Amino acid sequence: MKPVSRHEISDDQLRRELRSLGATAGHDEQAARRVYSHLFESPSSSTDGRRALFGRRDILRVGGLSVATAAVISACGEHVRGELGRVGDVPTTVTLPTAVVTNVTLLRTASSLEHSVINVYSQVIGNSDLLDPKLDDIAKRFMDDHAGHAAFFEQLTTDAGGTAWTCGNPKIDDTIINPIIKRITKGADATPTSKAVDPSDDPRRDILNFAHGLESLAGATYQAFVAMFSEPKLRADAMKVGAREARHAALLALTINPVRPEGLVNFVDAVNAEPASPPTTVEATTSTQQNLGNQAASGTGSPTPIPSDAPPQTEIPTITAIPSQFGSLAAIQLVVGRGDENGTRLKLNLETPSLNSFVFEYMKPTC
């Protein structure tokens with residue numbers, strides 16, 4: 001007798017399997033009918049439908065093919081009560097409007113920057129904690145100049161066929177102006193990894209340095225826009241306003257650091273500066289000159305004393321009327337506020353507006 005391979009099945013075994021399937025066919029059919037009835041005729045939820053499909057009694061009676069078929073039907077059927085599954089196209093993702101840098105975009109950005117600077121001056125004028133009252137008239141003159149510049153750029157925007165922007169710059173306000181004002185006047189809140197930071201140890205010093213940084217930023221912005229405007233007249237307009245912003249910055253620098261000749265120019269940077277070298281920011285030297293300038297500008301003595309056991313605080317760069325290189329478009333380093341538990345003050349780089357801070361034509365004012 002030929003042995004049966006373990007990969008083969010005998011005729012007797014095959015007949016027994018067929019008889020077994022025939023004996024249970026009737027039970028399988030009855031169980032499947034009950035399942036389909038629950039799935040298609042009952043208004044119950046999808047949870048009830050699955051319970052009907054996999055009940056304790058029916059799960060033992062429905063054959064493998066019936067279970068697979070019912071599972072597919074259940075998956076393709078009701079997902080949530082009252083919501084049927086369907087086939088179709090997925091809705092397209094909403095895309096941002098096309099951001100094109102036009103003359104109107106640049107003009108709207110220019111007026112937005114002017115309004116942001118106006119907002120800073122309006123918060124400090126008349127507040128003796130932030131600005132020496134002797135400097136209120138200078139600040140008012142600067143604010144009036146900026147109001148005139150804003151109106152000028154708004155009119156140019158209208159003349160170019162655009163909608164004038166009469167609010168501050170959203171990006172600059174959120175990432176530069178608001179954080180700096182908060183750090184000076186309120187300090188910083190505690191976080192899970194750091195302690196709270198008190199308000200500035202010398203608010204008047206920080207406000208003047210901040211104003212100088214904003215005036216320098218405005219001058220650099222309009223210089224950068226010269227190469228971006230497509231009309232020669234707009235280039236001339238930008239330079240005219242930019243020159244006045246640079247004069248504002250120079251006068252503030254002499255107010256902050258009146259020491260001569262160090263307040264006029266940083267000689268170390270001036271000697272090392274070369275026209276072909278990359279633009280550099282003014283480096284911090286000693287704190288003696290800065291403190292002298294602070295005292296002269298604020299009319300007070302030394303800043304709020306710092307506990308003797310506190311770590312050294314981040315150096316504040318010395319402000320000079322003539323930067324290391326005229327016409328530099330490099331970032332303007334600004335250091336303000338009281339140092340944290342490690343002595344680190346808030347340090348930000350003021351950079352001329354770019355794609356993420358332009359006020360494009362599709363943007364709507366929120367003020």
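This is a predicted model: local features need pLDDT of at least 70, side-chain atom pairs count only at pLDDT 80 or more; totals for chains, interfaces and linings use all residues.
Which residues are buried in α8? The buried residues of α8 are Leu234, Asp237, Ala238, Val241, Gly242, Glu245, His248, Ala249, Leu252, Ala253, Thr255 and Ile256. Residues three or four places apart in an α-helix point the same way, because there are 3.6 residues a turn. As for its length, α8 has 25 residues, and the distance from its first C-alpha to its last is 36 Å, close to the 36 Å expected at 1.5 Å a residue.

Let me turn to the core. The largest nonpolar core has 47 residues, and those touching the most other members are Tyr121, Ile180, Phe210 and Tyr222. Two or more residues each are given to this core by α4, α5, α6, α7, α8, β3 and β4. The largest share is that of α7, with 9 residues. Leaving aside residues up to four places away in sequence, Tyr121 touches Ala139, Phe142, Met143, His146, Ala211, Glu215 and Leu252. In soluble globular proteins, nonpolar side chains tend to be buried together.

Next, the aromatic residues. The model contains 7 aromatic pairs. In one of them, the ring centres of Phe153 and Tyr222 are 5.2 Å apart and the planes meet at 35°, so the pair is tilted. Phe153 belongs to helix α5, residues 136–159, and Tyr222 to helix α7, residues 203–226; the pair therefore ties together parts that are 69 residues apart in sequence. Both partners are shielded from solvent by the cut-off of under 20% relative accessible area: Phe153 is buried at 2%, and Tyr222 is buried at 1%. A further pair, Phe225 with Phe229, is edge-to-face, with 6.1 Å from centre to centre and 85° between the planes. Phe225 and Phe229 are both buried. Ring pairs also join these two residues with Phe358, Phe360 and Tyr362 in a cluster.

I come now to helix α6, residues 170–185. Its 16 residues should span 22 Å at 1.5 Å a residue, and the end C-alpha atoms are 21 Å apart, which agrees. Where does the kink in α6 lie? A kink of about 30° is found at Ile177, shortly before the proline Pro179. At the start of the helix, a side-chain oxygen of Asn169 comes to within 3.2 Å of the backbone nitrogen of Lys171. After the helix comes Gly187, with a positive phi near 85°.

The buried residues of α6 are Ile172, Asp173, Ile176, Ile177, Ile180, Ile181, Arg183 and Ile184.

Finally, I draw attention to Asp201, in the loop between α6 and α7. Is this residue buried or exposed? Asp201 is buried, with a relative accessible area of 3%. Its side chain makes a polar contact of 3.1 Å with the side chain of Arg205. A polar contact of 3.3 Å also joins the side chains of Asp201 and Arg345.

Definitions and conventions
Residues are numbered from 1 along each chain as its sequence is written. Side-chain values use heavy atoms; hydrogens and water are left out. Rings of Phe, Tyr and Trp (its six-membered ring) pair if their centres lie within 6.5 Å; planes under 30 degrees apart count as stacked, over 60 as edge-to-face and the rest as tilted. Helices (H or I, at least four residues) and strands (E, at least two) are DSSP runs, numbered from the N terminus. Buried means under 20% relative accessible area, exposed over 50%, partly exposed in between (1.4 Å probe, protein chains only). The expected span of a helix is 1.5 Å times one less than its number of residues. The bend at a residue is the angle between axes fitted to the seven residues ending there and the seven starting there. A polar contact is a pair of N or O atoms within 3.5 Å; within protein, one must be able to donate a hydrogen and the other to accept it, and residues adjacent in sequence count only if both atoms are side-chain atoms. A nonpolar core is a set of buried Ala, Val, Leu, Ile, Met, Phe, Trp, Tyr and Cys residues joined through side-chain atoms within 4.5 Å. Contact means heavy atoms within 4.5 Å.
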